Amino acid sequence: MGQTSSFGNLRRNSAPTAAIDYFDKLIDSMAFRPGEGSASQRRKSEDAKARVSKLQLPPWIRSSGDQLKSALRKRSDSTCSLESREEIKSRSVAMLKSIFPSWEEGSLVTILEAHEYVIDETITTVLRMEEEEEAASKRQSFLEPMRERKYIPKHPLPDDFLRVPGYNHCDECDADQDDAGRESMDDFDMSSSRTLLSMDSTIAEDDGTVYGKEFQRAEGEDDEDKTAPATPSEVLACLLSSPHATQAPTLQTFVDPNATPEVLQQKKTRPKSRTDTLFSQLTVIKRSKLDIVGAEDRIRHREPHRVLDCLSKASVLYRNGLISNHELEALRSLILSKMQPSKLLLDSTVNMGAETITDHQWNCYVLKCKGLRQALSIRIIKTLVVGQHTEYEIRTNDLETGVVVVTRKRFRELYKLHRKLSPLSTRVSSFPFPTRHAVAKKEDWRLATQRQPQLEEYLRLVASLVTPSPLTAARASALHQLQAFLNLPHAQTLDRKTTLPWTRVLRVYAFHVLTDVSSPEGKVCRKFKLGGVATVEELGELLDNVQAYMLEHRFDDMKALLVSPPMDDDVVHEWISDAVRHEVEEWVCVPLLPALWAGLESAVAAKERVLQAHVTALRPKPQSFFGISLATLSVSSWARPIETLGDADAMTLPLDKLRKLVEAALLVHIVFQEEHEGAGALSGDDFLPVFIYVIVQSRLAHPLVLLRTLNALSDPEKRRGQNGYYLASFEAALEHLAAPDCLQSLATE
């Protein structure tokens, strides 16, 4: 018991004193000495802390922690009393400045005073503050990109999305060029649609032949195929400067009567940003406390008919992402040029409630502002063996301008196009496409020949995506990729080479009607293309019925498309009838006629062999052998009519074949008049021997098949009059050449 009591007294009396002496030595070792460097001081401080952490104090020392703290505080106060507070402050600040050189002295003094000049607590606080500052900077750097990525709408509306076009349009071209890089997200693969022609592509003028006629370059004309793609503002300027567009009058700029001089000066100095919109004008009217109804009526009366409705439709397309900002500007300009505001202003009798823009015209405007061709007629001419692979020669006729582009593509390129277009919409994915499988090299050409009609029909179906209206973003994307695939030139190059613009609009309209699956004509053509026809006469009946229906129900709409129609109604009817017939034959005969043509060849094969034998025997004979008199002999041996008639084999459509036949017959009269000055007209009896000679020398491949095709598929209106006469002359000549006694009869004559 005595030992226990003495030990307890020792614990109560001597233990605190020993502990205080021990911690006094530790504090003395941690004291600042001016002669020692900051590095050694920090090292000693860390060693002391390590020794303290390794010290295993008994539990009874922890209970007397408060006494130790108070004793240490008294010892510190007694030590501080030996030297002035300013000296301690300066020495501590110097030490802190050497440890934290990036800190300001004032900040360190403030922290030191807050901790009552205890250097350890001050260092710990500064280190903690640096750690917190570093963590905060990391969070700031992480959140900064998110703050910079502000919400940007997918298709932002400009301030002037309902602006009436025509306000300072020329002054705004610079502002449009600044925004040239802003494109809509739905303009997928837009740059590829402006691809220039590749080396293996050619362009020509559409004359009905397979490869077209070479353009006659004007003197001093640059190579347009090497022209770089224009900016959207240049395209817009080109649209406004086209001969079909009427220049809109310049309207007076609206000035806010309540605007301050500072605001007016700001508007003068800033660039034209298209902020003088119609809605802003209405807002100014409201602020001016005027009659809002009367003001709106005055504005509408000053502007073209239904311009607000058309601009609203354009803004809806813009908000839906179908057109971009620059395309919206181009669409506005097209609407204004069609409205002809000057005519509405000058003529008070114009019916303001009449419909001036049809669905077809609206669809064409949307296609044009997006840089899409309005109608493309695509055919695969033939299959070629190039090296170790086969290529398809594709002929693309731009009906809007009459330019023919010929390019070559491999099957894998067509297959890649199909893979790109299929995910766009269910309509595109439903188009039939030949399967892809590996074949031997010797079977490659045979397989490519079998695939040719299927690939041609696929490309034609993709080109038909221009209808129906309204155009969707998926269809627009598919059309852009198709144009890039076909290596079409830039729109400006095509527009500069336009031929017969007054009839091109009629063919585009007929193309849209026939390719529209919702129209009666489109449904009938689609039905026969899927089911097929048995005979060439049945095909001719289909062509005649569709043409008659369109002339009965579409004539007025097509006549309204003509900018300046002729005064003669017969000429207008002929233009419209030819355009309708051409597109009906193009849409129906191209897929159906090859099989019927092959059937006709086998049907008349025996008679055709007899005729060809007679033609071969007659070809080296002179003109006099055919009964051509000396007064009608040609010094050129009728070279021009022979060449023209030989081109009929290069034509695909019956309409073009008949045109070449009639043209050759007319050239017979022209050549006769040119070579025999002063002679009268060539009589019928003199014409037939010359025409027989021309047929013999023209080397037609299948003249009897051509005759039967023209009799069955020609336009009923063309079978009468001059065309019917020369078609009958062609039939009489062939009957004479196919007769068994042809050679004897000609020799007798």
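Which residues of H31 are buried? The structure considered here is a predicted model, in which local features need pLDDT of at least 70 and side-chain atom pairs count only at pLDDT 80 or more, while totals for chains, interfaces and linings use all residues. Residues are numbered from 1 along each chain as its sequence is written, and side-chain values use heavy atoms, with hydrogens and water left out.

The protein chain holds 33 helices and four strands. Helices (H or I, at least four residues) and strands (E, at least two) are DSSP runs, numbered from the N terminus. Of its 749 residues, 44% count as buried, where buried means under 20% relative accessible area, exposed means over 50%, and partly exposed lies in between (1.4 Å probe, protein chains only). Contact means heavy atoms within 4.5 Å. Among contacts between residues at least 6 apart in sequence, 73% join residues at least 24 apart.

The opening question can now be answered. The buried residues of H31 are Pro703, Leu704, Val705, Leu706, Leu707, Thr709, Leu710, Ala712 and Leu713. Because nine of the 11 residues of this helix (residues 703–713) are buried, H31 is largely enclosed by the rest of the structure. The cover over these buried residues includes helix H24 (536–553), H26, H27, H29 and helix H32 (721–738).

Two packed helices are described by the angle between their axes and the distance between the axes. Axes are lines fitted to C-alpha atoms, for helices over the stretch in contact, and angles run from 0 to 180 degrees between N-to-C directions. Angles under 35 degrees count as roughly parallel, over 145 as roughly antiparallel, 65 to 115 as roughly perpendicular and the rest as oblique.

Helix H23 (residues 520–531) packs against helix H26 (residues 569–603) at an angle of about 5 degrees, with the axes 10 Å apart. H23 is therefore roughly parallel to H26. On the H23 side the contact is made by Cys525, Phe528 and Lys529, and on the H26 side by Trp587, Val588, Pro591 and Leu592. These residues divide into six nonpolar, no polar and one charged. Here Ala, Val, Leu, Ile, Met, Phe, Trp, Tyr, Cys and Pro count as nonpolar, Asp, Glu, Lys and Arg as charged, and the others, Gly among them, as polar.

For helix H29 (residues 654–675) and helix H30 (residues 684–698), the axes come within 11 Å and cross at roughly 125 degrees. The two helices are therefore oblique to each other. Leu661, Ala665, Val668 and His669 in H29 meet Phe687, Val690, Phe691 and Val694 in H30. The residues of this contact comprise seven nonpolar, one polar and no charged.

Arg699 sits in the loop between H30 and H31, and at 58% relative accessibility it counts as exposed. Although Arg699 is not a glycine, it has a positive phi of about 60 degrees. Ser637, likewise not a glycine, has a positive phi of about 55 degrees. Ser637 lies in the loop between helix H27 (605–618) and helix H28 (639–646) and is partly exposed, with a relative accessible area of 30%. Leaving aside neighbours within four places in sequence, Ser637 is in contact with Gln623, Ile642 and Tyr693. Ser637 and Tyr693 are 56 residues apart in sequence, yet 9.2 Å apart in space, C-alpha to C-alpha.

Arg373, by contrast, counts as buried at 7% relative accessibility. Arg373 is found in the loop between helix H16 (359–369) and strand S2 (376–386). The side chain of Arg373 makes a polar contact with the side chain of Asp398 (3.0 Å). A polar contact is a pair of N or O atoms within 3.5 Å; within protein, one must be able to donate a hydrogen and the other to accept it, and residues adjacent in sequence count only if both atoms are side-chain atoms. Beyond its neighbours within four places in sequence, the residues in contact with Arg373 include Glu400, Val466, Gln483 and Leu488.

Finally, the loop between helix H19 (441–463) and helix H20 (473–485) contains Pro468. A cis peptide bond joins Thr467 and Pro468, with omega about 0 degrees. Pro470 lies in the loop between H19 and H20 as well, and a cis peptide bond joins Ser469 to Pro470, with omega about 5 degrees.
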